[in-house]
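This report goes through a structural model element by element. Please look over the sequence and the coordinates before reading on.

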Amino acid sequence: MTNIINTNRRQFLKSGAILSGGLLISFMVPAGPKKLMEPGLLPDPEATFSPNAFLRIGNDGTINVILAHVEMGQGIWTTLTMLIAEELDADWKKIKVEHAPPGQAYGHTGFGIQITGGSSTTYSEFDRYRQAGATARELLVSAGAKKMGVNPADCTTKNGMVIAGAKKASYGELAAIAATLPVPAKVTLRQASEWKYIGKGLKRLDAPAKVNGTAKFGMDIQFPGLLTAVVAHSPVYGGKVKSFDASAAKAMPGVKDVVEIPGGVAVIADHFWAAKKGRAALKIEWDNGDHAAFNSATQLENYMALAATKGLPALDKGNVETALGQAPKVIEAEYSFPYLAHAAMEPMNCTVKLTKDKCQIWTGTQLPGIDQGAAAKVLGFKPEQVSIETVFLGGGFGRRATPTSDFIVEAVHIAKASGKFIKMVWTREDDMNAGYYRAAFVHRMKIGVDSNGYPLAWQHTIVGQSIFEGTFLEMMVQKGVDASSVEGVSDSPYMTDVKDAYVGLHSPKLPVTVLWYRSVGHTHTGYVMETIIDDLATQAGKDPLGYRRALLKNHPRHLSALNLAAEKAGWGKPLPAGHFQGIAVHESFLSYVAEVAEVSIGNDGHVKVHKVTCAIDCGLAVNPDGVKAQMESGIIFGLTMALYGEISFDKGQVQQTNFHTYHIARMNESPVIDVHIVNSTEKMGGAGECGVPPAAPA
Amino acid sequence: MYKLKVNKKYYNVDASADMPLLWVLRDLIGLTGTKFGCGMAQCGACTVHLNGEAVRSCVTLVSRAVGKEITTIEGLSANSTHPLQVAWLQEDTPQCGYCQSGQIMSAAVLLRENPNPTDQDIDNAMSGNICRCGTYPRIRKAIHLAAQLQKKGGTK
């Protein structure tokens, strides 16, 4: 696949098709969203526009599908490939999948920048990847018709072949000819009735490599001359190195170098164990900085005090004060949520091979384009001098999408300071203490209810740090209100029929870095809304399901999910002694999910979740079993949040270090999960995150 | 210098006595299928077999592995034919995949010792392995399926 057919990049740019031994199909994103990118971080399109596209067909018939989004468990390796295959009639055995390098062609169709997040991959790529497949097929058919001397209209395609009566030619044979043909301006996509894969699904294409140890994660990068770096970070959050003595560390066997970098001291050694031992031998005097007194108890007190005041309006309708004064009954509630660490199973790591004018990076990232720009900035390079190879992500949950590229930047600093090829590896403790948490939040509300117990006035104050402020997604902050802090409250269907409502937000500035986290604001807002609705139902003496149905009567998609979950769970039917059912429904990421949990409470007060019945309306489910897997995953993620999950600070230090102090739900706590998909023709939504919010309240 | 037998092959490794087997396997021998997750026997991502017993290689000193049969995910079967690997694929079990080597190595010992594990047996044997993606329901199904496959075809 290395033979180059008579072309060059200039022609490629003109024609929109390239051949590096075959056919390459590429589409540009509309120009609009590009402005989302910070100027200067935008890679020069010509310079980085080498093999940028979604599909490459080699002369040997190999079909490389190039993913603009990254595989972190959510199954996109399979689903995006299905979309191409739906139109291409390819031979499955010849399909190879790879992650895209940073490049403009791979910008998100909605956000512009190259990002995997917001549970948006499938619906945002639904047309683009099918078009890529259809365009390639049309070119291959034209090429086949030319080669076989027949009319394109008389050609069909099957299993990687163009067929005309008794004549046939393989895609491999035709790739070179296809690449010389003009790209059709418009292609017709297949009708839903013709779909072979969409709506039916396919086994995961990444699974074989993940059951025999051959799947490569960032942690697994190895090449001759590569050393391992372990970094000593300040134990107090935000502290800096005052001075250090590396003599003992340097004397350790295997230690090759010790360098100071912004934020710490890196020990570079032949392998991880030597580097870790070297780090333990460092003598560092830290300047604890301004946050040495920071602690969670004081933070909570401050948040509670703020929650008693109004905050900036995220929703303001009618006159809530008056309405509350006139309500027959007012119910008050307060909720607090701690910081949470993403705790992906693969701790953050990044490999950097830096030479005079080139920087090669291997890592698992949800934001390759931003990382490329950030690395270039550290080095004084142009973005195109930095290449990023994205390997499988050992979990992401948002953590591998830092707007500051924190762990990539740290690795690049080590490479720059040492002049060595390094793989920076964070220990679990480093990972857990490095910040970028789900922000801590406090909610306080006063709800006036009518004589039937239904809400008629709703005052709600939310306190928590902004994740978008100061990032490339700052436009998500409007008039001081970070949309992600209030999503799920200010736009809740329960607010719709309430005439007098005020949702206020305080976004305190604190030293702790915060970040999106699987299901973002809904991690706390979904819990608050569904729990308070349960309280309101109880106080009204009404069944939680019936109470919700009454409130959601004008929200058909909520209702369809709610009713399906309730029906499948046998809501209201007798349960084993000591077992209870809870129910919740929440919209997030354009999907509607209801969950019924069957729980019991042990003598020790420990909650045991026996079964979760889940129903989702995500519109068309492109890969139904993949959607079910994401619901299972989201429910268990939500269960961990409900049962455990807390990052707390004392004297400026994070108190949790590893899985013995930061618990994750395990097999023995994993309920039976029964997922049902609403047969829906509504607008498509995401699946990666929306299973999380209802799990805890249910 | 230690002489180790990993997946039926011998390796001489230049390791200090306190070096955990995990890093010997990964950084000295280059077998990266065994994963680092916590470094303190909390998550099970590093599970390998030592004379057929499941151990957490992140806290197993290299010296303890000398003279023993070490098996990693790479050596569990040729061509992914172990009933667990077949069942894992059948149930579409992995998500991010990072913990799966350890999960399969823990399950392999369970299935050898107990060809008909109950849900409770699976809870007991598998609760030392964390999966942050929450693939537990599929792991459970896959173990039950592998038990069936094992009966039909025997272990390979």
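## Basis and confidence

This is a predicted model, in which local features need pLDDT of at least 70 and side-chain atom pairs count only at pLDDT 80 or more, while totals for chains, interfaces and linings use all residues. Residues are numbered from 1 along each chain as its sequence is written, and chains are lettered from A and ligands numbered from 1 in the order in which they are written.

The average pLDDT (the predictor's confidence in each residue, from 0 to 100) is 90 for chain A, with 92% of the residues scoring at least 70. Residues 1-21 of chain A have pLDDT below 50, and this stretch makes 38 contacts in the model beyond near neighbours in sequence. Two residues are in contact if their C-beta atoms, placed from the backbone, lie within 7 Å. For residues 26-52 of chain A, where pLDDT stays under 50, the model has 58 contacts beyond four places in sequence.

## The sheet of chain A

Helices (H or I, at least four residues) and strands (E, at least two) are DSSP runs, numbered from the N terminus; two strands pair if DSSP finds at least two bridges between them. Chain A holds an open sheet of 7 strands with mixed pairing, in the order β11-β12-β9-β19-β16-β17-β18. Its edge strands are β11 (255-261) and β18 (386-390), each of which pairs on one side only. From one strand to the next the twist averages 25°. Axes are lines fitted to C-alpha atoms, for helices over the stretch in contact, and angles run from 0 to 180 degrees between N-to-C directions.

Within the sheet, β9 (residues 227-233) and β19 (residues 422-425) of chain A run parallel and are joined by 3 bridges. T228(A) is opposite K423(A) in β19(A). Helix α8 (residues 272-280) of chain A packs on the sheet, where it touches β9, β11, β12 (264-269) and β19 of chain A, and its direction makes about 25° with that of β9(A). Helix α11 (residues 368-379) of chain A also packs on the sheet, touching β17 (358-363) and β18 of chain A, at about 145° to the direction of β18(A).

## A hairpin in chain A

Strands β7 (residues 161-164) and β8 (residues 167-170) of chain A run antiparallel, with 4 bridges between them. V162(A) has A169(A) in β8(A) as its bridge partner. The two strands form a hairpin with 2 residues between them, and G165(A) in the turn has a positive phi of about 60°.

## Contact between chains A and B

The contact takes 48 residues from chain A and 44 residues from chain B. On the side of chain A, the elements that give two or more residues are α6 (207-210), α8 and α19 (624-643). α19(A) gives the most, with 7 residues. Of α19(A), 16 of the 20 residues are buried, so this helix is largely enclosed by the rest of the structure. A residue is buried if 20 or more other C-beta atoms lie within 10 Å of its own, exposed if 12 or fewer, and partly exposed in between; C-beta atoms are placed from the backbone.

In chain B, 9 of the 9 residues of helix α1 (residues 21-29) are buried, so α1(B) is largely enclosed by the rest of the structure. Its buried residues, among them W23(B) and R26(B), pack against β9 and α8 of chain A together with β1 (2-6), β2 (9-13), β3 (47-50) and α2 (62-65) of chain B. Just after α1(B), G30(B) has a positive phi of about 85°.
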